[in-house]
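Reader: I would like a close look at one part of this protein. Please keep it brisk and start from a single side chain.

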Amino acid sequence: MYAVIQKGVHQYKVHLGQFLKLEKLQLRPGQNWKCQQVLLFQEEDGHLVSGQPYIKTAEVQARIIRHGKSKKVLVFKKNRRKGYRRTKGHRQEFTEVYIEALCSPSGKWLKKKYSISSKATTEKSGEKIKEDKQKE
């Protein structure tokens, strides 16, 4: 079972218990985030429900894990035989979230058995939380 959500101009396929990197959100680690822009939802029986453009009753709940920057991307410009060379770098900011619950179009909530507490997200980094979840 999964859902396709839209955040900004990007679309993401999400399922329960998934860690996801989104564009930067203005929330602190440990806070909850709700996304009601659900484009597509696959129910437990495999039935697909699509919205026009969004499904009104579907929702995705996530917890903010951490904020960070991605790896540096270098942009290099050069004009041949003119002595023109420019190097520029860019690091995109992101927010890592943990998908805790999905609400189906019929209104049924599907929650992860083991959710991450808000205290754990503020004390540990995202990688440490992932390692703890894999050990369980």
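Which residues does glutamate 59 touch, not counting residues up to four places away in sequence?

Author: First, the ground rules. This is a predicted model, in which local features need pLDDT of at least 70, side-chain atom pairs count only at pLDDT 80 or more, and totals for chains, interfaces and linings use all residues. Residues are numbered from 1 along each chain as its sequence is written, and side-chain values use heavy atoms, with hydrogens and water left out.

Now the contacts (heavy atoms within 4.5 Å). Glutamate 59 touches Lys34, Cys35, Gln36, Val38, Ala101, Leu102, Cys103 and Trp109. Glutamate 59 lies in strand β7, which covers residues 59-69. Strands here are DSSP runs of E with at least two residues, helices are runs of H or I with at least four, and both are numbered from the N terminus.

Glutamate 59 is buried. Buried means under 20% relative accessible area, exposed means over 50%, and partly exposed lies in between, with a 1.4 Å probe and protein chains only. No salt bridge is found for this side chain; that would take a side-chain nitrogen of Lys or Arg within 4 Å of a carboxyl oxygen of Asp or Glu. Lysine 34 is the nearest side chain of opposite charge, at 4.3 Å. For charge, Lys and Arg count as positive and Asp and Glu as negative, while His and the chain ends are not counted.

A nonpolar core is a set of buried Ala, Val, Leu, Ile, Met, Phe, Trp, Tyr and Cys residues joined through side-chain atoms within 4.5 Å. This one has 21 residues, and Val38, Val60 and Val97 are among those with the most contacts inside it. Beyond its neighbours within four places in sequence, valine 97 contacts residues including Ala62, Arg63, Ile64 and Ile65.

Last, the wider setting. The protein has 2 helices and 11 strands. Buried residues make up 35% of its 136 residues. Among contacts between residues at least 6 apart in sequence, 63% join residues at least 24 apart.
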